Amino acid sequence: MLYQNLSPAPADPILGLTDAFKKDSNPSKVNLGVGVYMDEKGRTPILKAVKQAEKILLDSQDTKSYLPIAGAPEYGQAVQELLFNSRESARMRTAHTPGGTGALRVGADFLRKIRASATVWLSSPTWANHKGIFSAAGFKTAEYPYYDPASHGIAFDRMRECLKAIPEGDIVLLHVCCHNPTGVDLSPEQWKDVIGIAQERKWIPFLDFAYQGFGKGVEEDRAVLEPLLDAKLAFFVASSFSKNFGLYQERVGALTLVAETADAAEAAFSHVKTTIRVLYSNPSAHGGAIVTTIFRDPALRSLWLSELNEMRGRIAAVRKEFVNQLKAKGASMDFSFICRQNGMFSFSGLSDAQVSYLREKKAIYMVAGGRMNVAGILPGNIGYLCESVAEALERAP
Ligand code: PMP
């Protein structure tokens, strides 16, 4: 029998949690696992701007013929405008990819062709899939220090020291904002420092930008990329529009390659296209067409921005309320650091024993290591959650 000796693969640490949550019959159960935005009612709605763009597309689309390998050119332009206000566009090329995951994998497979022996450096900790993606492409991976549990901030001195010792030609994956899983981001000054080191040491920055607009705002979040462009370095940006356009299931993202010169960009991108050709040939159209339609229509664009700002605002308000209620319930730990974190995720500071206690006794699901999706905290569950966390701190110290 073909599969006789095959034991089942371990469940995905994040998506496996969703399965366990769905099976849990406890009526008070709370899902703080998978990173999906939820409104106050716990729904993940389709944005109004997206619905309107889809109506326009339904009426105007007149073919289902293939897109080019790298997707529609106008989509690439929209992405470059979002990332760089279209500055230095001759030095960059963008491919429409299946989500941010697809962007990371296309970039990884392309880099493997030209930098086969490089090591890919990931932050400690990082999104669980990073290691899987770069390992699947055939790379060795290593970690640079990032999170400092004692201060709930960044171990910047140790991070700097490590980045300074990374050899030329290695690849360094950096989260632009809303670091997953910690919620702790570099300051603009720290970014400048990191970019200076990249220039000096000549390693390749690979930026994961899955949450543009969820940090401080669309413009503020992208601002840290400007010095990188000015440094005339070659680098990559993996964008995802799963969260900021709510297009999770449409699988829409982009890989933007920035080269030192326009000619180098052209040559490198031809290899990105051959990489895509053997992976999935060309992207599916719908998600990218939604983003492009919203971008080209000023009214839809401002509607989208206001909806994105609303999502960001809700998360910030929830962080404050969570910290206040924990204090009110007598939690034996100061959680004020949670208000300094950005984006959907929060490293709660809870131990593995407390995370297990919450799951087993209270049906509250968060990722091992204490990462919670703050958007999963709702007016209807915040009281129960805070009481349970205070209890876990007492009973599973
Ligand atoms: N990078 C990070 C840091 C993420 O959190 C995610 C989504 N969880 C992705 C990339 C992948 O995004 P997508 O769902 O668009 O593939």
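I started with the largest cavity, which holds about 40 Å³ of space. This is a predicted model, so I kept to its limits: local features need pLDDT of at least 70, side-chain atom pairs count only at pLDDT 80 or more, and totals for chains, interfaces and linings use all residues. Residues are numbered from 1 along each chain as its sequence is written, and side-chain values use heavy atoms, with hydrogens and water left out.

I noted the search terms once. On a 1 Å grid over the protein atoms alone, a cavity is a set of points where a 1.4 Å probe fits but cannot get out; a pocket is an open set with protein on both sides within 12 Å along at least five of seven lines; lining residues have an atom within 4 Å of a point. Grid points are joined across faces, edges and corners, and a volume is the space filled by probe spheres set on the points.

I found 1 cavity of 30 Å³ or more in the structure. Its lining consists of Tyr-37, Thr-44, Pro-45, Leu-47, Gly-246, Tyr-248 and Met-311. I sorted them by class (Ala, Val, Leu, Ile, Met, Phe, Trp, Tyr, Cys and Pro are nonpolar; Asp, Glu, Lys and Arg are charged; the others, Gly among them, are polar).

**Largest pocket.** Next I looked up the largest pocket, with a volume of about 800 Å³. It has 38 lining residues, and Gly-35, Ser-242, Lys-243, Tyr-248 and Arg-251 are the closest to its centre. Helix H2 (48–60), H4 and helix H5 (128–136) are the elements that give two or more residues to this lining; helices (H or I, at least four residues) and strands (E, at least two) are DSSP runs, numbered from the N terminus. By class I got 19 nonpolar, 12 polar and 7 charged residues.

**Ligand.** Around the ligand I listed Gly-99, Gly-100, Thr-101, Trp-127, Asn-180, Asp-208, Ala-210, Tyr-211, Ser-240, Ser-242, Lys-243 and Arg-251, where near means a heavy atom within 4 Å. Helix H4 (residues 99–114) supplies the largest share of this shell, 3 residues. The shell splits into 3 nonpolar, 6 polar and 3 charged residues.

Then I went through polar contacts (pairs of N or O atoms within 3.5 Å; within protein, one must be able to donate a hydrogen and the other to accept it, and residues adjacent in sequence count only if both atoms are side-chain atoms). Tyr-211 has a polar side-chain atom 2.6 Å from a ligand oxygen. For an N or O atom in the side chain of Ser-242, the distance to an oxygen atom of the ligand is 2.6 Å. Arg-251 puts a polar side-chain atom 2.7 Å from a ligand oxygen. The protein covers 90% of the 400 Å² of accessible area that the ligand has on its own (Shrake-Rupley method, 1.4 Å probe; for residues, only the protein chains shown count as cover).

**Second largest pocket.** I put its volume at about 520 Å³. Of its 23 lining residues, Leu-57, Gln-61, Leu-67, Ala-285 and Ala-289 lie nearest the centre. H2, helix H3 (73–84) and helix H11 (286–296) each give two or more residues, and H11 gives the most, with 6. The lining divides into 8 nonpolar, 10 polar and 5 charged residues.

**Backbone.** Most residues other than glycine have a negative phi, and most peptide bonds are trans. Arg-251, not a glycine, has a positive phi of about 55 degrees; I placed Arg-251 in the loop between strand S9 (235–240) and strand S10 (253–258). The bond from Ser-124 to Pro-125 is cis, with omega near 0 degrees, and Pro-125 is in the loop between strand S3 (119–124) and H5. Asn-180 and Pro-181 are also joined by a cis peptide bond, omega about 20 degrees.
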